[in-house]
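Colleague: I would like to learn how to read salt bridges in a model, so please take me through them one at a time.

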Amino acid sequence: PAVSNPLLLDVGCAYGPFLVESSAFGYSPTGIELISDAVNYIKSELGFPVFSGSFEDIEIDENFDIITMWYVIEHFNDPGLILSKINNLLKIGGIFAFSTPNNRGISGKNNMRIFLSNSPLDHITIWNPKTAAVVLKRFGFKIKRIRITGHHSERIKGFSKIKSKTVHRILNFCSRFFSLGDTFEVYAEKIKEIDV
């Protein structure tokens with residue numbers, strides 16, 4: 001956003017690396033984190049404001065220019081509730097950015113059963129770029145960009161036997177070029193308010 005010191009909320013901020021980076025680029029970051037040690041570290045060592053608890057339960061009286069969730073959205077039981085809350089907390093024109101595993105990446109296409117069995121048990125929802133675009137539209141967002149990221153070559157039969165770094169680089173490039181990455185990032189603009 002073209003505002004000075006845009007307000008940024010990083011949900012699931014852990015020990016604050018993204019808070020530090022965003023601050024260095026002129027943002028005014030606030031975090032949300034479940035782990036009390038991380039919350040204490042952010043307050044005492046980094047000096048950023050941080051909410052302690054789960055995003056679903058925390059009451060926030062501020063509106064933000066940007067809300068981020070890096071590998072967090074897949075952990076929520078009710079994505080509709082989460083997306084409604086994000087819409088409510090963002091200013092019109094604000095950006096919601098998140099990353100998550102991609103069930104339409106090469107691992108999922110190669111073997112969905114293995115992809116799901118390799119997914120952590122606390123991954124409650126599984127996303128892909130196409131469904132993310134459809135769902136976000138229903139919650140008042142317009143996709144600005146989807147970026148496909150890398151794959152887990154160790155999950156694909158035969159890849160682990162390839163020792164050449166050059167071959168791995170080529171495979172990673174092809175994975176991104178053909179949108180086969182096992183993870184992806186979404187950058188979406190809030191274009192309208194929704195009824196909560």
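Colleague: With which residue does the side chain of lysine 190 meet in a salt bridge?

Modeller: A salt bridge here is a side-chain nitrogen of Lys or Arg within 4 Å of a carboxyl oxygen of Asp or Glu. In this case the partner of lysine 190 is glutamate 193, at 2.9 Å from N to O. Please keep in mind that this is a predicted model, in which local features need pLDDT of at least 70 and side-chain atom pairs count only at pLDDT 80 or more, while totals for chains, interfaces and linings use all residues. Residues are numbered from 1 along each chain as its sequence is written, and side-chain values use heavy atoms, with hydrogens and water left out.

Colleague: Is lysine 190 buried or exposed?

Modeller: Buried means under 20% relative accessible area, exposed over 50%, and partly exposed in between (1.4 Å probe, protein chains only). Lysine 190, at 1% relative accessibility, is buried.

Colleague: How many salt bridges does the structure hold?

Modeller: There are four, and one of them joins aspartate 65 to lysine 91, whose closest N and O atoms are 3.3 Å apart. Strands are DSSP runs (E, at least two residues; helices are H or I, at least four), numbered from the N terminus, and this pair links strand β4 (residues 64-70), which holds aspartate 65, with strand β5 (residues 90-101), which holds lysine 91, across 26 residues. Aspartate 65 is buried at 7%, whereas lysine 91 is partly exposed at 34%.

Colleague: Which residue forms a salt bridge with glutamate 189?

Modeller: That is lysine 144, at 3.5 Å from N to O. Glutamate 189 is in strand β7 (residues 183-190) and lysine 144 in strand β6 (residues 141-148), so the pair ties together parts 45 residues apart in sequence.
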